[in-house]
Every structure is written in structure tokens, then in C-alpha cells.
Amino acid sequence: MLNIIIAAVVVIALTIGIVWVIDKYVPKKVKPLIMIVLWVLIAYLGYSTFMSVYGEIKFNKLKDKRYAEVIETLIDIRDAELAHRTVTGKFEGNFDNLIKFIDTAQFTITERRDTSVLDVEQTRIFQVDTYKDAVIIDTLGYVSVKDSLFGADPRYKTMMNIPSAEPGAKFELKAGFLEENGFRIPVFEAKAMKSVILYDQDKNLIAKENEVISVDGVNGDAIKVGSMEEVKTIGNWPKNFSNEQ
């Protein structure tokens, strides 16, 4: 973009210089036609420069708006996945199953109490009542996952759809396990490609956006939460797009 602007400014300055030379040295009969052509060229270059800058400004404004919408949905997906892991011990890689889970599953409400209980073995050995610390977990009741996460809002039923993208575009969702230190750790990943989110925008600007490396931008060619390669449940967006990672 900067190179285009510099080139256009140089050409415009050069053209103005040519106009001055023509005005000073070219015969009067030819001068009007050449002057008209040159001023048209200056106007065209000026317009092209303005549109290049304005076009990218519009693109960035629309991009930020769509990214924010996508991130809000990814946060919903993550909340649903974390609830699924809490209840079942694993993540879910299928949206239909995840939605069924939200509709039917319940969180268990528990209370932890510290207490002391008779240590039978120590009592037998020492022939005197001996106590040991223990933790008692009482089940107080159950609460609906749907009510806890979404209340009366049915948006979770369409959270597989990418907001503002081409009709029918859906998030990619995967789930599985990673082996670490002999343990199988559940992982998941949900993502949307930038090219899908910005499907109706200038391809050159999309290609440039895919190569972004910035602390205040979404790096890479996709917006995603979680990972299938490492244990994490955060998203790859900076805080300026959302209060949640």
C-alpha cells in the first residue's frame, strides 16, 4: 500500500512538472490538448490513490466487525466444550452431539466439607482412638447446562454457523486426546478461515490479511480457539477483539 502511494505521488509530481514544462515551451496550438490529457491523468492518479487508501480502510473496518462476531461465537463454542469436559471428561467434535448435550446435560452442584474420621488401622495398633483428616463431598443438586450457559437464549443451536460469512459456511470442529507424560489429555479446536469470513472482499487484501503478524491483529489464516497440537483452550485473537481469550 505504501509503495503504491509513493509511486502515485511521484507520478503526480512528475506530471505536474511536465505540465509546467509544456506550459512554458510547447507551442500554443498543441498546448490545450496536451494539457487536458495531463490533467485527466493527474485526476485519475489522484483518484486511484485515494481509492486504494479508502478501500483498505473500509476493508479493515468490515474485517474487525466480522472478526468480533466470529469470536463471540467461538467463545460460546468454547464454553459449551468446557461444560462437556466437566460433565463427561472429554471434548466433543460434532456440533449435533454438542447441541444435544447442552439441551439435556446437567451440572452437579456439590459442597466440600473437611472433617475427621476414625483411623481404624492406627486405632488398632495403638489401642487408642486415632483420627485422620478427610474430605466429604455432598451432592446438593443439579442445574441445567443450557440454563447455566445460555439461559433462555437459543443461539447455541446455530453456533456451528460462521457469522457474516457465505451462507452455509460452518466452523471446523475437532476433538480428541493428546498423550503427555503417560496421560491422555482431552483437546479440541474450533476455527474459521479468514478467506471464508471475508469471502466477498478483495482477494489481494485477504491474502495480505492471511500473512498478518501483529500484537493487535489475528495472526495466521484463521480465527480459532483451542488446539489439536497442544493443551490449551484460549483463542488466537488479541484482547482488543474481546474481553475473553
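**View A. Glu92 is in contact with Glu81, His84, Asn97, Leu98, Leu173 and Ala175, its neighbours within four places in sequence being left aside.** Contact here means heavy atoms within 4.5 Å. In this predicted model, local features need a pLDDT of at least 70 and side-chain atom pairs count only at pLDDT 80 or more, whereas totals for chains, interfaces and linings use all residues. Residues are numbered from 1 along each chain as its sequence is written, and side-chain values use heavy atoms, with hydrogens and water left out. Glu92 sits in the loop between helix H2 (31-88) and helix H3 (95-104), where helices (H or I, at least four residues) and strands (E, at least two) are DSSP runs numbered from the N terminus. Although Glu92 is buried, it has no salt bridge, and the nearest side chain of opposite charge, that of Lys90, is 6.0 Å away. Buried stands for under 20% relative accessible area, exposed for over 50%, and partly exposed for values in between (1.4 Å probe, protein chains only). For charge, Lys and Arg count as positive and Asp and Glu as negative, while His and the chain ends are not counted; a salt bridge is a side-chain nitrogen of Lys or Arg within 4 Å of a carboxyl oxygen of Asp or Glu. A polar atom of the Glu92 side chain does, however, lie 2.9 Å from the backbone nitrogen of Asn94.

View B. Of the 245 residues, 32% count as buried, and the accessible surface of the protein comes to about 15500 Å², of which 57% belongs to carbon and sulfur atoms; the areas come from the Shrake-Rupley method with a 1.4 Å probe, and for residues only the protein chains shown count as cover. Among contacts with a separation of 6 or more, 60% are between residues 24 or more positions apart.

**View C. Strand S3 (residues 172-180) and strand S4 (residues 183-193) run antiparallel and are joined by nine bridges.** Two strands are taken to pair if DSSP finds at least two bridges between them. Within this pairing, Leu178 stands opposite Ile185 in S4. The two strands form a hairpin with two residues between them. On its other pairing, S4 meets strand S5 (residues 222-226), again in the antiparallel sense, over five bridges, and Ala192 has Ile223 in S5 as its bridge partner. In a regular strand the side chains alternate between the two faces of the sheet.

**View D. Asn181 and Ser164 are two residues other than glycine with a positive phi.** Most residues other than glycine have a negative phi. Asn181 lies in the loop between S3 and S4, where its phi is near 55 degrees, and this residue is exposed, with a relative accessible area of 76%. Ser164, with a phi near 65 degrees, is found in the loop between helix H5 (145-149) and S3. At 34% relative accessibility, Ser164 counts as partly exposed.

**View E. The side chains of Arg66 and Asp200 meet in a salt bridge, with 2.9 Å from N to O.** This pair links distant parts of the chain, 134 residues apart, with Arg66 in helix H2 and Asp200 in the loop between helix H6 (194-197) and helix H7 (203-210). Arg66 is buried, its relative accessible area being 10%, whereas Asp200 is partly exposed at 39%. In the whole model the count of salt bridges comes to 11.

**View F. Arg184 and Glu179 form a salt bridge through their side chains, at 3.6 Å from N to O.** Arg184 is exposed, with a relative accessible area of 54%, and Glu179 is likewise exposed, with a value of 56%. Elsewhere, salt bridges that share partners join Lys63, Asp64, Lys194 and Glu209 into one network.

**View G. Lys63 and Asp64 form a salt bridge whose closest N and O atoms are 3.9 Å apart.** Lys63 is buried, with a relative accessible area of 11%, while Asp64 is partly exposed, with a relative accessible area of 34%.

Definitions and conventions:
Polar contact = N/O pair within 3.5 Å; in protein donor to acceptor, adjacent residues only side chain to side chain.
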